[in-house]
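Q: Could you walk me through this one with me? I'd like to start with some strand pairing and then jump around a bit.

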Amino acid sequence: MRVRTAATLAALLTAGLVPLAGPASAAPAKYADDFNGDGYHDLATAAPGATVGGRADAGAVVVSYGSRSGIKASNRTVVTQNSAGVPGTAEKYDDFGSSLAFGDLNRDGYADLAVGAEGEDGEAGSVTILWGSKKGLSGGRAVADPARSSHHRFGMSLAIGDFTADGRADLAVGSTGADVQIFRGGFTRTAGAASRTWVVPSLRTGDSYGSQSLAAGDVNGDGVDDLVVSGTIHSGTGEWIDGNLVYLGAGSRPKPLRTLESGGYERAVLGDLNGDGYDDIVTSCSPVNGSTVGPGVVKAYLGGAHGVGPTPQAALTQDSPGVPGTTHASGTSSFGSSLSVGDVNGDGYADVAVGAEFEGVGAAWQTGTVTLLRGSAAGLTGAGSTRWTQNTPGVPDSNEKNDFWGSAVHLADLNGDRKADLAVGARYENGGRGAVWALRGSSSGLTATGAVSFGAAQEALSGTWSQLGFLFAQ
C-alpha cells in the first residue's frame, strides 16, 4: 500500500482518494502527518537553534496539533533530546531539527516523525525517530549510521515513503556523501535498525554538497513511492551541474529515471497539479542572497505512466504573466527558497506555495514574501497567483527588516475542511527567535480571516536564536 505524503493527500482529498485507516495493528496512519491519530493533519516545525538545558543551538521540534479550529500555540508538544524517552542528550550545536520527515514507520496507526541533527557529534550527524501515539509524539529511537566514515552530517536530508514496493514505509537519509541510505520498512520501537539498500547518485560530495534535499511521491502511478534527490551532480561531460535526480521506486532499490537540470541551488516537492492522479515534481532554482546566478525559477514537471520527462510544463519567475512581484536578478529575492504543494481551494488541483525569504517590502530589507501559484488542468500556472506578506490585511504582525518571512512554507489541511491551509515560518522574527503563521484555505483561495501566529516564547523555547520556523516537515 502506498505511503502518501501530506502534499499528495491535500491534493487528493476532494477527489475522495484518501485511503481509509484499518486496524491500528495492520494499517498505517490515515494521514502521514497525524501524530495523535485524531483525524487532523498536524504541523511539525523545527527550531534548530533553540537553547536546551543551557546549551545553545541544541535544537527542538514543535508539533502543533490540527483541530476543527486549526492550530494554536497551546495545543502542541515540544520535543528535544532531553525529553523523556528520546535517545541522546541535548548538546551545544547539535541542531536537532535541522531536517524533518513524517510517516507511519511502525504501522501502528499513528504518524511518526524522523528528525535530523546534522551537528551531532562534531557534525557526524544523527537521525532520531519520534513515535506517534494517542497523546501525540512520545519517546523515540535512534537510527544508526551504517557508513559513518563515508560522509558527514548524516540526516542532513530526510524523506519517508514506500520506495521498495513492500507496502511499508521506508526512511531515506541523506548526508554530505555520494550516497542516500534507504532503511527498509519494518521499524519497531524496540528492534534494531531495519535492513537497508543503497542509492548512489553522481553527487558532488563535501560540506556544502551531498543530498541537499530529498522528496517522495508517486510520479508514475504504480503505487510505489519515487524519490527525488537534489544536489550538485556530475553531468558525465566533466561538469558539475545543480539539479534533481529522479529515482523510481522498485522492489530492491529505487531505479534511476532521469536528471532534471537547473543552474542554481535546488529543492523539490511533489503533488498532483493537474488532477490526473499522477504526482508532479515542482522544483525551484533559488539564488542565494547577493548571488549573480539570476532570478529564482519554479518549474513543474508533469507525472505520467512513464514518470516525468526532461522538459518542464511551466517555468515561472516573478516576471511571468500573473505572478506578483518583480524579478531581482541579483538574488536579493530568493524566490523559491522554500516550496510546498497542496490544494488550497478544493478544486482538485494542487497549488504551490513559494517562499522568497530575502525579498524586501517597501523600505524594509529582507522582510520576506510568500506567493501562491495555482494548479490547473494544464498544470502549474501564474494566472490567479497571490502574494502575501506580514503587511497583507488580516495577517498578524507587520513587516520588519530581516524577518525572513517565508523561510519555510507548508500546505496541509489543519482544520479538516478539505482545503489546505498555509503555514509560514519566519526564522529571524524577533531577533532570531522565530515565529510561525497559519492562514486558512477556502473555496475562494487563501484567506487571512482567522489567521494565527505564535512565536518561540509562546512555545516555551529558550534562547535568543531559536529560529522557530526554520523549516516544516514535508
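Q: Which residue stands opposite Ile129?
A: In this predicted model, Ile129 stands opposite Arg141, which belongs to S7. Strand S6, residues 126–130, pairs with S7 in the antiparallel sense over four bridges, where strands (E, at least two residues) and helices (H or I, at least four) are DSSP runs numbered from the N terminus, and two strands pair if DSSP finds at least two bridges between them.

Q: What holds strands of a sheet together in general?
A: Strands of a sheet pair through backbone hydrogen bonds, and the pairing can be parallel or antiparallel.

Q: And what is the strand order in that open sheet?
A: The order is S4-S5-S6-S7, four strands with antiparallel pairing. Strand S4 (96–103) and strand S7 (140–143) are at the edges with a single partner strand each, so one side of each has no neighbour in the sheet. From one strand to the next the twist averages 25 degrees, with axes taken as lines fitted to C-alpha atoms and angles running from 0 to 180 degrees between N-to-C directions.

Q: Before I go on, how are residues numbered, and what is left out?
A: Numbering runs from 1 along each chain as its sequence is written, and side-chain values use heavy atoms, with hydrogens and water left out. As the model is predicted, local features need pLDDT of at least 70 and side-chain atom pairs count only at pLDDT 80 or more, while totals for chains, interfaces and linings use all residues.

Q: Switching to Val61, is that residue buried or exposed?
A: Val61 counts as buried because its relative accessibility is 0%, buried being under 20% relative accessible area, exposed over 50% and partly exposed in between, with a 1.4 Å probe and protein chains only. Val61 lies in strand S2, residues 60–64.

Q: What is Val61 in contact with?
A: Leaving aside neighbours within four places in sequence, the contacts of Val61 (heavy atoms within 4.5 Å) include Thr45, Thr77, Phe96, Leu100 and Val115. Val61 and Leu100 are 39 residues apart in sequence, and their C-alpha atoms are 9.0 Å apart in space.

Q: What about the protein overall, how many residues does it have and what share is buried?
A: The protein has 474 residues, of which 61% count as buried, and its secondary structure comes to three helices and 29 strands. Of the contacts with a separation of 6 or more, 55% come from residues 24 or more positions apart.

Q: What is the phi of Ala460?
A: Ala460 has a positive phi of about 60 degrees although it is not a glycine, and Gln467 likewise has a positive phi of about 60 degrees without being a glycine. Most residues other than glycine have a negative phi.

Q: Where do Ala460 and Gln467 lie, and which is buried or exposed?
A: Ala460 lies in the segment after strand S29 (447–455), and Gln467 is also placed in the segment after S29. Ala460 is exposed, with a relative accessible area of 59%, whereas Gln467 counts as buried at 10% relative accessibility.

Q: Last topic, what is the volume of the second largest cavity?
A: The volume of the second largest cavity is about 80 Å³; a cavity is a set of points on a 1 Å grid over the protein atoms alone where a 1.4 Å probe fits but cannot get out, and lining residues have an atom within 4 Å of a point. Grid points are joined across faces, edges and corners, and a volume is the space filled by probe spheres set on the points.

Q: Which strand gives the most to that lining?
A: S28 gives the most to the lining of the second largest cavity, with three residues, and strand S28 (435–440) and S29 each supply at least two. Among the lining residues are Ser69, Asp421, Arg440 and Val452.

Conventions. On a 1 Å grid over the protein atoms alone, a cavity is a set of points where a 1.4 Å probe fits but cannot get out, and a pocket is an open set with protein on both sides within 12 Å along at least five of seven lines; lining residues have an atom within 4 Å of a point.
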